Amino acid sequence: MCSPRAFGLYIAAVILPPAAVLIATDRFGADFWINFLLTILAWIPGIFHACWVVATKDDEARAALQHLQDQTAPYRVATPYERLPATMPSSSSKAYEEYASAPPPPPPV
């Protein structure tokens, strides 16, 4: 389901694709000029490009992406040669002393 703003932009993308791209991106950037040329050369590719721009610039898509980034932010990825704790132990704990005195992982081959 798309937002009412995106629905209006999809209708504008069929009627006047460069206007829909300009409203979706809020600037005369590369997307606008590419869409302008596609619309001048052939109308249908301009419509497809405008729909693609509207879909990628939709506020709900940005909100969903931000939510996904917020969920994955606290996790770190360990290389095959090391195992990282989920959180760093406090400097006054015994776990920190063990973590800090552990030998470094072997270098990659």
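Here is a walk through this structure, from the overall fold down to a few single residues.

What you are looking at is a predicted model, in which local features need pLDDT of at least 70, side-chain atom pairs count only at pLDDT 80 or more, and totals for chains, interfaces and linings use all residues. Residues are numbered from 1 along each chain as its sequence is written, and side-chain values use heavy atoms, with hydrogens and water left out.

Let's start with the whole thing. The protein has six helices and zero strands, where helices (H or I, at least four residues) and strands (E, at least two) are DSSP runs numbered from the N terminus. Follow the sequence along and the pattern reads α-α-α-α-α-α. Of the 109 residues, 19% count as buried; buried means under 20% relative accessible area, exposed over 50%, and partly exposed in between, with a 1.4 Å probe and protein chains only. Contact here means heavy atoms within 4.5 Å. Among the contacts with a separation of 6 or more, 43% come from residues 24 or more positions apart.

Now for how the helices pack. Two packed helices are described by the angle between their axes and the distance between the axes. The axes are lines fitted to C-alpha atoms, for helices over the stretch in contact, and angles run from 0 to 180 degrees between N-to-C directions. Take α1 and α2: they pack at an angle of about 150°, with axes 6 Å apart. That pair is therefore roughly antiparallel, given that angles under 35 degrees count as roughly parallel, over 145 as roughly antiparallel, 65 to 115 as roughly perpendicular and the rest as oblique. On the α1 side, Arg-5, Leu-9, Ala-12, Ala-13, Val-14 and Ile-15 meet Pro-17, Ala-20, Ile-23 and Ala-24 of α2. By class, this contact has nine nonpolar, no polar and one charged residues. (Ala, Val, Leu, Ile, Met, Phe, Trp, Tyr, Cys and Pro count as nonpolar, Asp, Glu, Lys and Arg as charged, and the others, Gly among them, as polar.)

Next along, the axes of α2 and α3 come within 9 Å and cross at roughly 170°, so α2 and α3 are roughly antiparallel too. Here Pro-17, Pro-18, Val-21, Leu-22 and Thr-25 in α2 meet Asp-31, Phe-32, Asn-35, Phe-36 and Thr-39 in α3. These residues divide into six nonpolar, three polar and one charged.

Thr-25, in helix α2, is buried at 16% relative accessible area. A polar atom of its side chain lies 2.8 Å from the backbone oxygen of Val-21. Beyond its neighbours within four places in sequence, Thr-25 is in contact with Asp-31, Val-53 and Lys-57. Over in α3, Thr-39 is buried as well, with a relative accessible area of 10%. A side-chain polar atom of Thr-39 lies 2.8 Å from the backbone oxygen of Asn-35.

Asp-26 sits in the loop between α2 (17-25) and α3 (30-41). At 62% relative accessibility, Asp-26 counts as exposed. Its phi is near 65°, a positive value in a residue other than glycine. Most residues other than glycine have a negative phi.

Last stop is α4, residues 43-57. Its buried residues are Gly-46, Ile-47, His-49, Ala-50, Val-53 and Val-54. What covers them includes α1 (4-15), α2 and α3.

Note on methods:
Polar contact = N/O pair within 3.5 Å; in protein donor to acceptor, adjacent residues only side chain to side chain. Expected span 1.5 Å × (residues − 1).
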